[in-house]
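Notebook open. I want to look up pockets and cores here.

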Amino acid sequence: MTSIRDIARLSGFSVSTVSRVLNDHPYVSAEKRAHIQKIIKELDYTVNQNAVNLSIGKTKTIGIILPYANNPGFDKIIQGILITAIKHKYNLMLLPTNYSKDEEIKHLNLLKNKRVDGIIITSKANSWDVLNDYAKYGSIVTCEETPLQTISAAYTDRLSSYLEVFHYLKKRGHTNVAFTSVRSAEKSNSTKSVLAAYEQVFAPPLEKNYRTNCFTYEDGLRAGEYFLNQANPPTAIYANGDEIAAGIYHVAIEKGLRIPADLVLIGEEYLPVGKVLELSSMDHQLELLGQVAFELAIQQRIKKNKIPHILRCAPN
């Protein structure tokens, strides 16, 4: 089996020089690099990455825990992580959970077993106490605010963003306002926040004012039918995603409503479909959040970075 010493002997350069070429070290002349790479190719030499990882104490891999893939919000976070990982020459490992606590713990054990250098949790299933138990094994970054001093966070102030949306609608004379959300309040902090914001601006929401388990365009269609078939339908709806808002938009147009004259729609995350339909959108800047989360994951110190949100209002 070919070794690094064989490459050094055939090239006429030292083992350390060959090692720098194999590890893409910048301080090797172009002539030396080309000569060594030619010999590596001729010998069909493959680096034993496990041995390299063991020697440097790093895998150069970050795990990303996410509940599912069919969500534009998570897509934007991953895009931000990917851009930054490429810049730092890191690999990524996608770790889906479908909000299973057992699956999440299985993925966290990758950190414990030194299979990854860090874990980014886009949305968690387990309690903070469980996550805290794994913080001693390596870097953990959450994409929501955390009270733990052992875990870094790149997050947006969801409550503040929801308050801004509802105050915006109230100032424009809307009192019959509906909204959609993801999981139930028992399972989702963001749903807890949107319920709290609605109550603070208007009143405790009635069942007719909101719909949970909204993730896709099709969910938006169902939400649109639910809201717009009511005896006194809402004059404004805040959807937890531009794709969901697009589904509601579709139902509204079929019913002959004019947007925004008859119905004001506000989505989330400033996606292309919302731009095409000229909908307002609460932009939590999730791609930037992903970039910041990755930077935190490869750092040694604990930090909490809040990402500013932007209410992007469509032209009237």
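I looked up which helix gives most to the lining of the largest pocket: α9 has the largest share, with five residues. Helices are DSSP runs of H or I with at least four residues, strands are runs of E with at least two, and both are numbered from the N terminus. The model is predicted, so I note the limits: local features need pLDDT of at least 70, side-chain atom pairs count only at pLDDT 80 or more, and totals for chains, interfaces and linings use all residues. Residues are numbered from 1 along each chain as its sequence is written, and side-chain values use heavy atoms, with hydrogens and water left out.Next, I checked the pocket itself. A pocket is an open set of points on a 1 Å grid over the protein atoms alone, where a 1.4 Å probe fits, with protein on both sides within 12 Å along at least five of seven lines; lining residues have an atom within 4 Å of a point. The largest one has a volume of about 1100 Å³ (the space filled by probe spheres set on the points). I listed 47 lining residues, and S123, V182, S188, N189 and S190 are the closest to the centre.

Then I turned to the cores. A nonpolar core joins buried Ala, Val, Leu, Ile, Met, Phe, Trp, Tyr and Cys residues through side-chain atoms within 4.5 Å. Buried means under 20% relative accessible area (1.4 Å probe, protein chains only). The largest core has 22 residues, and I77, I120, L289 and F294 have the most contacts inside it. From α13 come seven residues, the most of any element.

Note on methods. Buried < 20%, exposed > 50% of the residue type's maximum accessible area, 1.4 Å probe, protein only.
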